[in-house]
Amino acid sequence: MPLPLTNLSKSQLQEWVTEELAEPKFRATQILQWIYQRRVQQVSEMTNLSAKLRSRLEEEGHQIRTLSVAKVQGSADTTQKFLYRLGDGRFIEAVLIPANPALYGEASTRRTLCVSSQVGCAYDCKFCASGLAGFTRNLTTGEIVEQVLLAEDHSGERVDNLVFMGMGEPLLAYKNVLQSI
């Protein structure tokens with residue numbers, strides 16, 4: 001079954017690599033480095049994995065990214081709102097917020113990303129637009145993680161702080177939220 005690689009923690013990836021793929025445990029560390037340090041988007045770019053392993057991962061449909069950026073509003077020096085398309089065609093939002101200028105007026109380098117944890121929201125609070133279309137489902141761990149990766153890729157800036165105040169109620173998606181952190 002195809003697996004989004006961003007869904008797995010380090011220990012889960014190590015177990016999957018050794019038990020399912022019959023590869024040495026260190027392959028998990030290599031895969032993590034390619035995803036989170038080198039930011040590759042295709043398995044074929046993981047050049048220190050054997051050609052046979054890369055081919056197998058691609059043939060079995062294992063993915064690094066399942067989200068795509070559908071739209072960005074705002075500008076690079078102010079708040080940017082991202083509309084992400086999920087693998088199932090649904091949409092979620094995340095917002096990248098630069099910090100206010102530092103104490104003595106110099107530009108701040110801190111960036112906060114407000115991420116979603118659900119598609120829609122079941123609470124339907126009257127002051128919030130997230131529940132207007134109702135609740136569809138919790139986001140997977142990988143879908144939460146990918147919001148950060150895509151925001152950093154698009155902005156060219158490192159995200160320093162995360163807040164789970166996007167679409168949905170994070171405590172209702174507790175397991176996936178906790179693993180994504």
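Reader: Which residue takes a positive phi just after α4?
Author: That is G156, which follows α4 directly and has a phi of about 75 degrees; helices here are DSSP runs of H or I with at least four residues, strands are runs of E with at least two, and both are numbered from the N terminus. This is a predicted model, where local features need pLDDT of at least 70, side-chain atom pairs count only at pLDDT 80 or more, and totals for chains, interfaces and linings use all residues. Residues are numbered from 1 along each chain as its sequence is written, and side-chain values use heavy atoms, with hydrogens and water left out.

Reader: Okay, and how many residues of α4 are buried?
Author: Of its 15 residues, 12 are buried, so α4 is largely enclosed by the rest of the structure; buried means under 20% relative accessible area with a 1.4 Å probe, protein chains only. Among them are E143, E146 and E152, together with I144, V145 and V148.

Reader: Switching topic, what volume does the largest pocket have?
Author: Its volume is about 520 Å³, meaning the space filled by probe spheres set on the grid points. A pocket is an open set of points on a 1 Å grid where a 1.4 Å probe fits, with protein on both sides within 12 Å along at least five of seven lines, and lining residues have an atom within 4 Å of a point. There are 24 lining residues, and Y36, V145, V148, S180 and I181 are the closest to the centre.

Reader: Which element gives the largest share of that lining?
Author: It is α4, with 6 residues, while α2 (26-37), β7 (161-163) and α5 (174-180) also give two or more each.

Notes:
Buried means under 20% relative accessible area, exposed over 50%, partly exposed in between (1.4 Å probe, protein chains only).
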